[in-house]
Amino acid sequence: MSCLCGGMSVGTAVSGMDIGALDAEIAALGKVDAAVVARRSRVIAELTRRRSDAAERLRNSGGMSSREANKASKTADGLEKLPHTRDALENGEISPGQAEQLASRMNKPDLAGKVRENEERLLERAKNESTDE
């Protein structure tokens, strides 16, 4: 058995795990998901700075659908404007869904300023609530 991230095990049959271990695995997978989305957002932002078509690269190199690639590009753009949110995502403090909800508002001029002004408060709230709330 080897550890990949945050206690998640690789090579261990899940059928042999008790409920506590399965819960720990789910929590670790959530942190891995958050780290992947945060890293992808940084890569997309860099591609955009270099005037590259990030969505096309996500489709071709990343195997994403057009819809997924466009959503990832919009999320990356929003997270570039919300550095504390991106950091919280990287640290697994919020979920990818929560980060996407905040980032998507940065593409709406009537909401962007309010989100930017209240980023810290919104993050604290996100850390204590599920994506559905």
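Residues are numbered from 1 along each chain as its sequence is written, and side-chain values use heavy atoms, with hydrogens and water left out. Because the model is predicted, local features need pLDDT of at least 70 and side-chain atom pairs count only at pLDDT 80 or more, whereas totals for chains, interfaces and linings use all residues.

The chain has seven helices and two strands, taken as DSSP runs numbered from the N terminus (helices H or I, at least four residues; strands E, at least two). Along the sequence these elements follow the pattern β-β-α-α-α-α-α-α-α. The C-alpha trace spans about 50 × 35 × 20 Å along its principal axes.

Helix packing was described by axes, which are lines fitted to C-alpha atoms, for helices over the stretch in contact, with angles running from 0 to 180 degrees between N-to-C directions. Angles under 35 degrees count as roughly parallel, over 145 as roughly antiparallel, 65 to 115 as roughly perpendicular and the rest as oblique. The axes of α1 (residues 19–49) and α3 (residues 66–80) come within 8 Å and cross at roughly 85 degrees; the two helices are therefore roughly perpendicular to each other. Their contact (heavy atoms within 4.5 Å) is made by Arg40, Ser41, Ile44, Ala45 and Arg49 of α1 and by Ala72, Ser73, Thr75, Ala76, Leu79 and Glu80 of α3. By class, this contact has five nonpolar, three polar and three charged residues, where Ala, Val, Leu, Ile, Met, Phe, Trp, Tyr, Cys and Pro count as nonpolar, Asp, Glu, Lys and Arg as charged, and the others, Gly among them, as polar.

Helix α1 also packs with α4 (residues 83–90), their axes coming within 7 Å and crossing at roughly 140 degrees, which makes α1 oblique to α4. Here Ala34, Ala35, Val37, Ala38 and Arg42 of α1 meet Arg86, Asp87, Leu89 and Glu90 of α4. This contact comprises five nonpolar, no polar and four charged residues.

Helices α3 and α5 pack at an angle of about 75 degrees with their axes 8 Å apart, and α3 is thus roughly perpendicular to α5. Lys71, Thr75, Gly78 and Leu79 in α3 meet Ala99, Glu100 and Ala103 in α5. The residues of this contact divide into three nonpolar, two polar and two charged.

Side chains of opposite charge can pair when their charged atoms come close. With a salt bridge defined as a side-chain nitrogen of Lys or Arg within 4 Å of a carboxyl oxygen of Asp or Glu, the count comes to eleven. One of these joins Arg49 to Glu46, the closest N and O atoms being 3.2 Å apart. Both residues lie in α1, three residues apart, about one turn of the helix.

The largest pocket has a volume of about 310 Å³. A pocket is an open set of points on a 1 Å grid over the protein atoms alone where a 1.4 Å probe fits, with protein on both sides within 12 Å along at least five of seven lines; lining residues have an atom within 4 Å of a point. Of the 15 lining residues, Gln101, Leu102, Arg105, Leu122 and Arg125 are the closest to the pocket centre. Helices α5 (96–105), α6 (109–117) and α7 (119–127) are the elements that give two or more residues to the lining. The lining has four nonpolar, five polar and six charged residues.

Terms used. Grid points are joined across faces, edges and corners, and a volume is the space filled by probe spheres set on the points.
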